[in-house]
Amino acid sequence: MTGIVIDAEKCVGCRQCERACASAGIVVENRTARVTESCTLCGACVDACPVGTVELVRGSAAARAEDLGTWRNVWVYCQLDASGAPLSVAFELLGRGRELADARGENLVALLAGTPAPGSAEALIAAGADEVLLCEDGRLDRVDASLEAELVAHLAQDLRPEIILYGATAFGRELAPQVAVRLETGLTADCTVLEINPETGLLEQTRPAFGGNLMATITCPAHRPQMATVRPGIFSAPAADPARRGQVTRIAPVAREPRVRIVEKASARSGPSIAEAERLVVLGRGIGSKKSLPLMRRLAELLDAEIGCTRPLVEAGWLEYPHQVGQTGVAVAPKLLVSIGVSGAIQHLAGIGGAETVIAINEDPEAPIFSAARYGAVGDCIEIVSALVEQLEKSTR
Amino acid sequence: MHVVVCIKAVPGSTEVKMDPETHTIVRDGREAVINPFDASALELALELADARRAAGEDCSVTVVSMGIPATERILRDACARGATDALLLSDRAFAGADTLATCHALACGIRALPAADLILCGKMAVDGDTAQIGPELAGAFDLPCVTDVSELVGTGDESIVVRCGSDEGPVAVEAPLPCVLTVAKEAAQLRMPSIAGVRAAEDAPVAVRGAEDVGADPARIGLSGSPTQVVHCFVPDRSGAVRLFDGSAEEQAAALAGIIEEVRS
């Protein structure tokens, strides 16, 4: 059986469980906890109970992947860009995938589908792949993800990989769930940590939830393959080793036609996405007025950075929505993020978790942005940025 | 035309606090609301229905949710804003579902409705952030899927044209009906309920169905039917030691310029 089990003998009626529950799924009556029909089995009460009264009992899930030990190897879906080159996130995943495969004593396999540019397979091998499964088919152009999903699902049913990793790009986030449902297996989105548990051999996938306020470590114990998506910039790409040797295996084209078609291509003026930016200047309400924008643009120019902003600036019409960083905007992962006049609302912080070095400039030393920053300056944003621009102009001259 | 909109009830705030004494997660004081992305999806459906009806055609909008009994309030509110029908999938057997088990429950619920021409979901939910339900539903029905839809350009009898995000930037795509769309927040802002709507919603028939009613496979729903398991939860420590520079604006700027130089090289 599955459910919350309460040991009434132990219960002290302290109501900690009631407080921890987000859905009124547990109530304390007559000094004893009772589960209601609103329980979602989230387990919050189990953690909250100080005396170990509450237990979450999980009925044994029927292992659908019979004989788990026959599923072997780590696969990485290597998405291509418009020019046919693998995205940098593919290399980042190969780097991490190599470590996972080594921990399991398995091979690392790169999946390459569509119209890859010459040399792509070799580049993936140099980044750590032992084998490249190559399906050259012009219909696999990342517009109707069900084509790629059919391909990956069929290959996985035949070749039985233990793990499949995908970049959490727009396309990867469309593809991976469609594979998961076809294979009836688990999928963990936007992982920030991927590790093999040395005792169980399971892939431990850690991801943020509740807008980054809660981290959860997730496993997929009885279904295969174990699948995860990872945002670009989370892992670092390995140095290419051109001496590495690997095998390229050609896969037959897919037997279905795309149903979705592009009627208007991406406009050239849309500019580079801040999601991919290596350097980013992020602006908040603390910059005071729209008149400060030229100064901020000058700073961005000097840093060779893109410009992001918080939600209030988009709502005020100072910048367009594609610049919005945060939970309801874009998640970013730059190497350098200079945050100016941003207080650091939790929804905003959720979007900058992938940034490597955060420098914050704000007049309020108590602003939450400083908790997410490595370096900070407290003072008037305009004065500090003006001085900074002057400094940088001097040093570039 | 029949449009189905999938809705999730989410906590009114995603704030999570750690109880400093018990070191447990405190989530109290949070009233459930409609996931903001689903609100945009609902508005898109209602606008589509308005346009179809103005052209003299029948168009119904059914809102579907899997949730606890209290979720009925959110579905009733959707009816007050213009949804024609509501289905609440509520059963203790659904509890503890991950996205795959949720997808199975929703798919069974949608199958129990009149055939859908269009299935809309929010692009993601603000509490889970997985953005998986839409594409998983498309996979379950083997329907075409378009994610991150920011604008409905036009619909015909056979197909729909939408503007959406892609890795190469915003594009416009055409998909045949039926299909699944996941909707971005900027696509539309959910209308306020009308007074007549609120009155009508009081009597709106919110159908409540359990797992058996919709023919859900008991091995594929709820906690025990979920392939993924949460083994550990923790509140991330954000109190990383920030190094604050002091002094005049010029002195601070000089220190920051030094750091920037270091990071850049």
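The following paragraphs move from the sheet to its helices, then to a single residue, and finally to the cores.

The model is a predicted one. An open sheet is built from six strands, arranged in the order 17(A)-16(A)-18(A)-19(A)-20(A)-15(B), with parallel pairing. Strand 17 (306-309) of chain A and strand 15 (243-245) of chain B are at the edges; each has a single partner strand, so one side of each is left without a neighbour in the sheet. On average, and with direction ignored, neighbouring strands of this sheet are turned by 20° against each other. Within the sheet, strand 18 of chain A runs parallel to strand 19 (residues 357-362) of chain A, and five bridges join the two. A:Leu336, for example, has A:Thr357 in strand 19 of chain A as its bridge partner.

Two helices of chain A can now be placed against these strands. Helix 7 of chain A packs on the sheet, where it touches strand 16 (279-283), strand 17 and strand 18 of chain A; the direction of this helix makes about 165° with that of strand 16 of chain A. Helix 10 of chain A lies across strand 18, strand 19 and strand 20 (375-378) of chain A, and runs at about 125° to strand 19 of chain A.

These helices also meet each other. The axes of helix 7 (residues 293-303) and helix 10 (residues 381-396) of chain A come within 10 Å and cross at roughly 35°, and the crossing is left-handed. Residues of helix 7 of chain A that take part include A:Leu295, A:Leu299 and A:Leu302, while those of helix 10 of chain A include A:Val385, A:Val389 and A:Leu392. By class, this contact comprises 10 nonpolar, two polar and two charged residues.

Is A:Ser339 buried or exposed? This residue belongs to strand 18 (residues 336-340) of chain A. A:Ser339 has a relative accessibility of 1%, and because the limit for a buried residue is under 20%, A:Ser339 counts as buried. Beyond its neighbours within four places in sequence, A:Ser339 is in contact with A:Val282, A:Ile359, A:Ala360, A:Ile361 and A:Ile369.

In soluble globular proteins, nonpolar side chains tend to be buried together. The largest nonpolar core here has 46 residues, of which B:Val3, B:Val5 and B:Leu120 touch the most other members. Helix 1 (residues 36-54) of chain B gives the most to this core, with eight residues. Apart from it lies another core, of 37 residues, whose members include A:Ile359, A:Ile361, A:Tyr375 and B:Ala249.

Note on methods. Residues numbered from 1 in each chain as written. Chains lettered and ligands numbered in written order. Predicted model: local features only at pLDDT ≥ 70, side-chain atom pairs only at ≥ 80, totals over all residues. Heavy atoms only, no water. Helix = DSSP H or I, 4+ residues; strand = E, 2+ residues; numbered from the N terminus. Buried < 20%, exposed > 50% of the residue type's maximum accessible area, 1.4 Å probe, protein only. Contact = heavy atoms within 4.5 Å. Core = buried A, V, L, I, M, F, W, Y, C linked by side-chain atoms within 4.5 Å. Axes fitted to C-alpha atoms, helices over the stretch in contact; angles between N-to-C directions. Left-handed = near helix turned anticlockwise from the far one by under 90°. Nonpolar A, V, L, I, M, F, W, Y, C, P; charged D, E, K, R; others polar. Pairing = 2+ DSSP bridges.
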